[in-house]
Amino acid sequence: MHWRRVPRSYDYLLALAVIALGVFGVVMIYTSANAELIPQMIVGRDGGLWARQRMFVVSGALLMIGFSFLDYHLITRFYLHIYGLMMVLLLVVMIIGADDHTGVARWIWIPVPFIGFLSMQPSEFAKIFMIIFLAKFLDIFSERFNKPAWLMLLVVLVVVPVGLVFLQPSFSASMVVLMVSLAVLFVGGVYWRTILVGASVLAPIGVIIWFDLRRQTPLILTRIFGDWQWRRIESFLRPEYADQWARYQTERSLYAIGTGGLTGRGFMENPYVILGHNDFIFSVAAAQFGFVGSAVLLGIVAFIIVRCIIIALNAIDIEGRLIAAGVAGMLIFETFFHVGVATDLLPNTGMPFPFLSYGGSMIWVHMIAMGIVLNIKLPRNPRSIFDEDAQDAETGKGAAI
């Protein structure tokens, strides 16, 4: 990197916007305590989830700053190792993953010297791992990956980790990994005829699902999804058949958003929202700050996404362009899914809000991703005098003759 130009080229606004969202998320998690069923879980005697989230945000900010000064080419160089690590983690969590009361095994415990054990959610790390892997893969094989054999290989490389995440089960995380992978492939230059062929293959599947939904007890979907997952999806798609308690979370979310009105109920004034510290953190914020506060919140997220897209467009190589575009796609899908669930536009899939919801893995993954994007924007040392002239011409600092 061109270290002398780093202070002038560093995207301070982007970094501050990310940190601001993290801090705001800590505050929202604290305010959700008076709306939770068990407030001691949020602000318990040992600090609770609120204290842990503070640690996650501080450590995540340090990770973001550290990765922003680490050349992303050093990371993408190990793209095969990163993919292999992702597969190992996804297999390990299925074998010895920490189970909760719903029968979901998404976490593994990692021993850390002098600290103890930290929980890790491999499905969150799979998002950034897939972005890095595909960015380097498409860069190396840019002239070949549109050929049928290479496309089939790419399909396998994407479908296998997506399937492992889905089997945890984690439908929302698997959809994000899939959508992010498709976004990277699209930006990487997949042919339109390939997209049309894929759509034609998926169309009959959509028809089969449509006919299956017309049955009072679907034969296919009830076997694909777990019992509690199907109840959530059914409450959205077929409320006439759904259990009345299946929509309780969504109804409480809609009530919280509705009572917020234009300017909100006020700080610390929010109604009871289940999982308000995680899957419905947007509802907690909307209840307190109303439509105006929600618009500001989504505006900050939009600013971060636009900055990622601009950095992608100005990247010096394919790797940087695809990584920045993949991170932008990840933020778009996650924000859309979270807000869609909170406002009853989508079925309840349990999607955290980026940078705001509780979770160490989520915070670290997104902070690391933003650190890599910040590094992509930094100026690089020219490899020759011709590269230096080109950089000067782009920045308008070339000598006028």
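**Pockets and aromatic contacts in the predicted model**

The second largest pocket holds about 960 Å³ of space. Its lining is made up of 26 residues, and those closest to the centre of the pocket are Val155, Leu178, Leu182, Gly198 and Leu202. At least two lining residues come from each of helix 8 (148-166), helix 9 (171-188) and helix 10 (192-213). Of the elements that contribute to the lining of this pocket, helix 8 gives the most, with 9 residues. Sorted by class, the lining of the second largest pocket comprises 20 nonpolar, 4 polar and 2 charged residues.

The protein chain contains 17 helices and 3 strands. Of its 401 residues, 48% count as buried. Among contacts in the protein chain with a separation of 6 or more, 70% are accounted for by residues 24 or more positions apart.

Aromatic side chains were examined next. The count of aromatic pairs comes to 16. One of them joins phenylalanine 133 and phenylalanine 137, whose rings are tilted, with 5.7 Å centre to centre and 40° between the planes. Both residues lie in helix 7 (residues 122-140), and because they are 4 residues apart there, about one helical turn separates them. Phenylalanine 133 and phenylalanine 137 are both buried.

A further pair consists of phenylalanine 282 and phenylalanine 353, which are stacked, at 6.4 Å centre to centre and with 5° between the planes. This pair links distant parts of the chain: phenylalanine 282 belongs to helix 14 (residues 281-313), phenylalanine 353 lies in the loop between helix 15 (318-342) and helix 16 (360-377), and the two are 71 residues apart. Phenylalanine 282 counts as buried because its relative accessibility is 5%, under the cut-off of 20%. Phenylalanine 353, at 0% relative accessibility, therefore also counts as buried.

Phe133 and Phe137 also belong to an aromatic cluster, which they form together with Tyr79, Tyr83, Phe141 and Trp150. An aromatic ring is also involved in a contact with a charged group: the charged end of arginine 54 sits over the ring of tryptophan 50, at 4.1 Å from the ring centre.

Technical notes
Residues numbered from 1 in each chain as written. Predicted model: local features only at pLDDT ≥ 70, side-chain atom pairs only at ≥ 80, totals over all residues. Heavy atoms only, no water. Phe/Tyr/Trp six-rings, centres within 6.5 Å; stacked < 30°, edge-to-face > 60°. Buried < 20%, exposed > 50% of the residue type's maximum accessible area, 1.4 Å probe, protein only. Lys NZ or Arg CZ within 6 Å of the ring centre and 35° of its normal. 1 Å grid on protein atoms, 1.4 Å probe; cavity = no way out; pocket = protein on both sides within 12 Å on 5 of 7 lines; lining within 4 Å. Points joined across faces, edges and corners; volume = space filled by probe spheres on them. Nonpolar A, V, L, I, M, F, W, Y, C, P; charged D, E, K, R; others polar. Contact = heavy atoms within 4.5 Å.
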